[in-house]
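Here is a short briefing to read alongside the structure. Take it one topic at a time, and look up each residue as you go.

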Amino acid sequence: MQTKEKVKTHKYGGRERTSNMGEFLKSMYLSGRLTGGEVQEGAAAAGNHTDALCKKLAKAGNTGSHRGNCHRDIMTALDQGCDRPPVYETDIWFQDARTKKRVKKPCHFLLVSETMDHFVGKTNIEDWVGIRDNPHLQSTFDTWCNKVGLNPKDTDIMAMGLWGDSAVISVSESLYIMLANCLSGTHRKRFWLCAFGKKLVCDCGCHGRHTFDSIFKVLQWDLEAFLSGERPKIRDDGVPFSESKRIGDSYRHKAREANKRFRARGGVIQKRGDWSWHKSALGMIGWRGEGATKRCCFKCLANFSNLSFMDFYERALWRQTLLTHEGFLADVEARGGYQSEIFNLPGFTHAMITADLMHCGDLGVLLYLLGIVIWEIAREYGASYSNGQRQLDHVLLMIRMASKALKQKKQPLNHITMSMIRCNAKSSPKLKVKASAARHLLLCMRWVLETFTSLDTPHAQKRFLVVKNFCDMYDSLQNGEGMESMQSATINCRKALILWNELRQEDIDPDNADNWQTRGFFLWKLYPKHHLLQHVLEDQILVSGNPVGHWCYADESEIGAAITQCPTLQYDHLQKSLIKKHRLQNYKTEETA
Ligand SMILES: [Zn+2]
Ligand SMILES: [Zn+2]
């Protein structure tokens, strides 16, 4: 959901530097920074007739075959230079913007099986297979292979991850995008699968699930082909390729006639995303508390009542209720709940749905922690909600000194205001900053507490230890190696959360003269996100390995790149135009982990 990380440089727009005018215009066009008309104008002005692409682009629109339609001419010109498999078009349950009724509408996909076959063909299969340095993911992969009937020792099997999320394009529209990446081998590139505007998502009362499920069904069909290693004869909707008039289907029919086999086989063993996406698209339990017990976790039965999510000790009762795949399915059935089509992907299990460290750590627990600590220090200097800017400026000064002392490349904060910490006089503190700034600030905060505050009281000591343990947790995850560093990260996380809960107990203690009631709002509040973070560090690490290895930073920058393209496209056609343009982009396959 994080959309603030705006795409600014060629690096993030997926664009490479070039000294060739045609290539330059192409990349500017495909990354959405020039319109069709501007590309034509630029190509004509360059007047470079030794550059074949530039020459073609100059003719787009006015002089091209489709008079007045620059976009189509440019796409035709670029398509001639692209050897990637064509887009796959099929009908998806969307909502008609005008009638608000559920309708089937064409949506474009880049199929996993064909895309992987293409890129493996451009490079070496060795670069795409084999799980490197991750025994936990290896065991997940082995289990998956056994389940779907593959031999994990075969040398042509790729392990894929899926990611999906939405981000805001404008006040009236958001974009949904799904992408895949290869977890085996060394290539860390993201491959777009499909993208569509939020307005198209079915809204019949199904919470969008008609749309998501019909997309997962296309993926099932695609992944079954990928698993078998054989080009399909029949489309996902039952029509044989030989009889289909859809875009690219005669190519598919011919490709199968020429060679039935794909160069690689594989499947999905990980699904990433933030909690709200998992809740809306996959029907996972949310954080608000569902049912009579107010359940608030999709990994176990923890709740707001008898299996408290705020119990972080090793003996916590919720630990007895961790959901296995079978347990999860039984629970869905017992509740009469919704079961997503994602569970029909070959060999896909509940444990593969991973919570993301960036979302529950950097953008979750850390932002609460930073907000609380900054507020407390400012208050110790005499701040109140209505009158505290001078004190906040002082905290900022200390943070800036810390950042310098820690030799950080960039100051993590340029200013602090009360509204960045608390949105109103009643709300609990939460700092509004980006994910990477939050991690840098955490280190500064440890230095500030050690250097400028007294650690004489039990409260001050606990507060310091919460900060210190989270610092150590990130340090072990980001800089440590092997199982031992992951185990110490797990212990740091648990210690921090237990101390946090002790601070919370103080805050709600009626005998404490400085409790929340005298203040009017909570400090050290605990959210289901704190609990989910513990899952990431304790049980998820055993499925996917170090969470830093698959946190969503790279995925978020892809959605950023997709968003920058949207203003030059018609929102009604994003489900076709984005994927079509994306396919034409030059792909750097050398990019490695
Ligand atoms: Zn619906
Ligand atoms: Zn849980």
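Lys407 sits in the loop between helix 12 and helix 13; helices (H or I, at least four residues) and strands (E, at least two) are DSSP runs, numbered from the N terminus. Lys407 is exposed, as 6 other C-beta atoms lie within 10 Å. A residue counts as buried with 20 or more other C-beta atoms within 10 Å of its own, as exposed with 12 or fewer, and as partly exposed in between, the C-beta atoms being placed from the backbone.

This is a predicted model, in which local features need pLDDT of at least 70, side-chain atom pairs count only at pLDDT 80 or more, and totals for chains, interfaces and linings use all residues. Residues are numbered from 1 along each chain as its sequence is written, while chains are lettered from A and ligands numbered from 1 in the order in which they are written.

**Positive phi angles**

- Most residues other than glycine have a negative phi.
- Lys407 is not a glycine, yet its phi is positive, at about 55°.
- Asp133 also has a positive phi, near 50°, and is a residue other than glycine.
- Asp133 belongs to the loop between helix 5 and helix 6 (135-148), and is exposed, with 12 other C-beta atoms within 10 Å.

**The whole chain**

- The chain has 20 helices and 6 strands.
- Its radius of gyration is 26 Å, close to the 25 Å that the globule rule gives for 593 residues, so the chain is as compact as a globular protein of that length. The radius is taken over C-alpha atoms, and the globule rule is 2.2 Å times the number of residues to the power 0.38.
- Along the principal axes, the C-alpha atoms fill a box of roughly 80 × 55 × 50 Å.
- Of the 593 residues, 45% count as buried.
- Among contacts between residues at least 6 apart in sequence, 67% join residues at least 24 apart. Two residues are in contact if their C-beta atoms, placed from the backbone, lie within 7 Å.

**Nonpolar cores**

- A nonpolar core is a set of buried Ala, Val, Leu, Ile, Met, Phe, Trp, Tyr and Cys residues joined through C-beta atoms within 7 Å.
- Which residues touch the most other members of the largest core? They are Ala195 and Leu370, in a core of 147 residues.
- Helix 11 (residues 357-380) gives the most to this core, with 16 residues.
- Another core, of 16 residues, lies apart from it and includes Leu25, Tyr29, Leu34 and Ile74.
- Beyond its neighbours within four places in sequence, Leu370 is in contact with Leu431, Ala438, Leu441, Leu442 and Met445.

**Helices that pack together**

- Two packed helices are described by the angle between their axes and the distance between the axes. Axes are lines fitted to C-alpha atoms, for helices over the stretch in contact, and angles run from 0 to 180 degrees between N-to-C directions.
- Helix 12 (residues 389-405) packs with helix 14 (residues 435-452) at about 105°, their axes 8 Å apart. This makes helix 12 roughly perpendicular to helix 14. Angles under 35 degrees count as roughly parallel, over 145 as roughly antiparallel, 65 to 115 as roughly perpendicular and the rest as oblique.
- Their contact includes Met398 and Ile399 of helix 12 and Leu441 and Trp447 of helix 14. By class, the contact of helix 12 with helix 14 has 9 nonpolar, 1 polar and no charged residues. Here Ala, Val, Leu, Ile, Met, Phe, Trp, Tyr, Cys and Pro count as nonpolar, Asp, Glu, Lys and Arg as charged, and the others, Gly among them, as polar.
- Helix 5 (residues 112-122) and helix 7 (residues 209-228) pack at about 40°, with axes 8 Å apart, and are therefore oblique to each other.

**Two buried residues**

- Lys430 lies in the loop between helix 13 (418-421) and helix 14. Is Lys430 buried or exposed? Lys430 is buried, with 20 other C-beta atoms within 10 Å.
- Not counting residues up to four places away in sequence, Lys430 touches Leu367, Tyr368 and Gly371.
- Thr90 is in strand 1 (residues 88-95), and counts as buried with 21 C-beta neighbours inside 10 Å.
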